[in-house]
Every structure is written in structure tokens, then in C-alpha cells.
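Let's take a friendly walk through a protein structure. Have the model open beside you as you read.

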Amino acid sequence: MKSNHINVLGIESSCDETAVSIVMLKNKKEGSILSNIVFSQINEHLPYGGVVPEIASRSHVEHLSPLIDKALDKAALTLKDIDGIAATAGPGLIGGLIVGLTTAKGIALGAGIPLIGVNHLEGHALTPLLTNKVTYPYILLLISGGHTQLILVKGLGEYIQLGTTLDDAVGEAFDKAAKFLDLGYPGGPALEKVSKKGSKNRFNFPRPLLKSKDCNFSFSGLKTALIREAKSIEPLGREDLADLASSYQEAIVDCLTVKSDMAIARVKAEYGDLDIKYFVASGGVASNKAIRDSLTTLAENNKMEFIAPPIKLCTDNAAMIAWAGGLRLLSGQRDSLDIPTKARWPLAEMKLYGDRHE
Ligand code: KG4
Ligand code: ZN
């Protein structure tokens with residue numbers, strides 16, 4: 001380790017983005033991104049309307065090594081300047097995870113530097129500490145293509161799950177609706193774009209679980225309702241599509257906002273000694289403007305500040321992996337070269353370190 005800073009190389013390969021980044025951690029808590037490269041495989045999956053795991057793994061194999069060279073070049077560093085290597089070890093598509101983690105193990109062994117296997121969700125969860133002036137504890141709404149979770153983040157490795165989805169993730173709800181309406185892929189941004197010209201009140205889609213007292217979500221019924229409604233008014237004109245998209249998005253906004261409100265109330269009731277100043281949204285769906293606007297108002301009503309990382313760091317990237325890995329490295333964690341990949345790895349199961357060997 002240099003005097004007051006370390007450089008960490010991060011690798012992300014859990015889904016359809018091959019990403020490499022180098023983050024410098026200073027004074028144990030500040031981070032700066034020296035390079036951050038994301039290769040999106042979107043075009044390779046486009047013909048199938050969704051991510052094909054086998055194609056994803058092959059694409060990671062093809063692109064990862066050149067991207068590592070590029071990330072080092074861009075940061076004007078060589079492997080000799082890297083103090084640790086962090087790779088996503090789960091959760092995600094197992095083939096892609098194996099490509100990234102095995103590459104990281106090879107580099108760690110060859111360069112004689114420590115390895116950290118990072119939980120992808122922890123990457124999303126800790127991003128606001130890198131991008132915004134946020135301090136623990138905070139409430140996190142993690143909304144992505146694979147996850148919909150409300151989490152109380154008390155510190156590094158201290159995550160209390162307040163709620164989760166019982167079926168589809170919210171990003172999946174966007175993607176499946178967009179696919180059904182033939183709006184394009186990936187579905188979230190496509191549906192958001194179309195919704196801008198529509199009426200959010202024309203269709204009254206269900207808000208599943210809104211009356212239940214817990215902080216859980218359910219989105220599969222919403223998608224079914226959309227399909228039923230759309231079929232009942234076929235053939236769909238441009239205005240119909242915009243109204244369906246807008247009303248559908250509004251139902252999602254409501255579900256996320258009401259359950260976030262419940263989560264805040266629960267934290268205030270159960271963890272009254274904690275001074276929670278921030279409500280954070282992270283993950284790809286947090287790029288959605290209607291969702292951001294609604295959560296901003298919610299946070300203000302609760303005398304909290306709403307924080308969402310820049311969109312580039314909300315969607316999958318390796319800077320969040322380098323950052324989370326760097327924080328763990330500084331906390332003393334060193335993983336052995338036989339750590340496994342995990343398709344399933346809930347954030348609430350994490351501890352400070354040693355958590356990989358439960
Ligand atoms: O975090 P992310 O890049 O990857 C995962 O870990 O899943 O999130 C991708 C998800 C996709 O479902 C995509 O449709 C959704 O985020 N998404 C959006 C928007 N941008 C991305 N959903 C709604 N509105 C958006 N603007
Ligand atoms: Zn993600």
C-alpha cells in the first residue's frame with residue numbers, strides 16, 4: 001500500500017455488461033475513479049429480446065482482457081500500481097461470473113496482489129458513498145433488472161433487509177411490458193420514453209400488496225393486467241401505447257413510493273436511535289425520472305435528502321465493484337484463490353468479512 005492511497009482494479013461480468021474500472025481510495029474513505037469502461041452486449045442480445053446466458057459468457061471471454069488493458073492505459077497505470085483486484089463473485093449469471101472471477105484470480109496470482117470477491121448488490125449499495133456526500137446509515141431502494149429491495153445500510157457489511165419482491169424484479173416488469181408492447185430493448189428506458197407522451201390516468205392498473213403492512217413488492221400481476229388491458233383495446237395506436245406505458249409506469253412509481261414510505265416508517269419505529277439523513281435509490285431503474293421525482297418528494301416529506309448516483313454509475317459498472325472491493329480490502333479482507341461464484345447471494349447475508357465462508 002502507498003502512503004495514503006490504494007488503487008483497486010474492479011471487474012464486473014454478472015450480466016450483459018463487461019466492465020473494468022480502476023478506483024483510487026484515499027484516506028480510507030474517499031474514492032476517485034481513474035478509469036471506468038463499460039462494454040454493453042446489448043446488440044448481441046437484441047435479436048432475442050433478453051439476455052442469453054451462453055452468449056453473455058462468450059462475450060465476456062472475448063472482451064474482458066482488452067478492456068483490462070484499456071482501463072490500465074486510461075488510468076496511466078500498469079499492474080505494478082494496482083494494490084488489489086476486485087471482481088463480482090455473485091449474484092448473477094454463473095457463466096459470466098466465472099469468467100470475471102477466474103480472470104481476477106489469475107491476475108491476483110500472477111501479480112501477487114490481494115483478491116476480493118465482491119457482492120454485486122453491495123456494489124450498488126455502496127455507490128452513493130463514492131459518488132455523493134453520503135454517510136452511514138441510510139435507507140437504500142435497490143431497483144435493477146434482477147433485484148427490488150429496501151435495505152437499511154448501517155455500515156460496511158451491515159445490511160438489514162426491510163423488503164423485497166415476491167416475484168419479478170421491477171426492472172423485469174419494465175422489460176417484460178416493453179417487450180410485450182414491442183417498444184424495444186432494454187425495456188425500461190424504451191417504456192419511459194414512450195410514456196412521456198401518454199396519460200398516466202387512462203388505465204387504472206393494480207398496485208399489488210399496497211395494503212399489506214410489510215415492505216414487500218409484487219410485480220407479476222401488474223404485467224398480466226397490462227397484457228389483458230392491451231388485448232382488450234387492440235389494435236393499439238400510438239396514443240394507446242403511450243397511455244398504456246404511462247399508466248403502467250405510474251403504477252410502478254406508486255408501489256415503489258408507498259413501500260419506501262413504509263420502510264422509512266419502520267426504520268423510525270424500530271431503529272429510532274439511528275439518525276437517518278439519506279434515502280438512496282440505486283440500480284438501473286433508478287435512472288427513471290418519474291421514479292426519481294416521486295422519491296425526491298417522499299424523502300423531503302420525511303426530512304431526508306434523496307440521493308441517486310449519476311445514471312452512468314446507477315447501471316452496471318465496475319467502478320462500484322472496485323470501490324466496494326477497496327473498502328473491504330481496507331477493512332482487512334483478503335479472499336483466497338478458491339472462493340466460489342454464487343448465483344444467489346442476498347445482501348442481508350453479508351457480514352464485514354469472512355462472510356464468504358459461511
Ligand atoms: O442495474 P442494471 O443496469 O442491471 C442489473 O443489475 O439488473 O439494471 C438494468 C435494468 C433493466 O431492467 C432496465 O430496463 C432498467 O434497469 N432500466 C430502467 C431505466 N433504465 C434502465 N427502467 C426504467 N426506467 C429507466 N429509465
Ligand atoms: Zn446491477
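Predicted model: local features only at pLDDT ≥ 70, side-chain atom pairs only at ≥ 80, totals over all residues.

Residues are numbered from 1 along each chain as its sequence is written.

Because 7 of its 8 residues are buried, S7 is largely enclosed by the rest of the structure (buried means under 20% relative accessible area, with a 1.4 Å probe and protein chains only).

S7 has partners to look at: strands pair if DSSP finds at least two bridges between them. Strand S6 (residues 138–143) runs antiparallel to S7, joined by 6 bridges, and 4 residues lie between the two strands of this hairpin. Ile-151 in S7 is the bridge partner of Leu-140, and Ile-151 also stands opposite Gln-161 in S8. S7 and strand S8 (residues 158–164) pair in the antiparallel sense over 6 bridges. In their hairpin, with 2 residues between the strands, Gly-157 takes a positive phi near 80°.

Now where does the second largest pocket lie? Domain 1 (6–127 + 313–349) and domain 2 (134–308) both contribute lining residues, so this pocket lies between them; the domain bounds come from an automatic or database domain assignment. A pocket is an open set of points on a 1 Å grid over the protein atoms alone, where a 1.4 Å probe fits, with protein on both sides within 12 Å along at least five of seven lines; lining residues have an atom within 4 Å of a point. The lining has 16 residues, and Lys-29, Glu-30, Leu-129, Val-134 and Trp-323 lie nearest the centre. Helix H4 (120–131) and helix H11 (319–330) each give two or more residues to this lining.

Technical notes
Chains lettered and ligands numbered in written order. Heavy atoms only, no water. Buried < 20%, exposed > 50% of the residue type's maximum accessible area, 1.4 Å probe, protein only.
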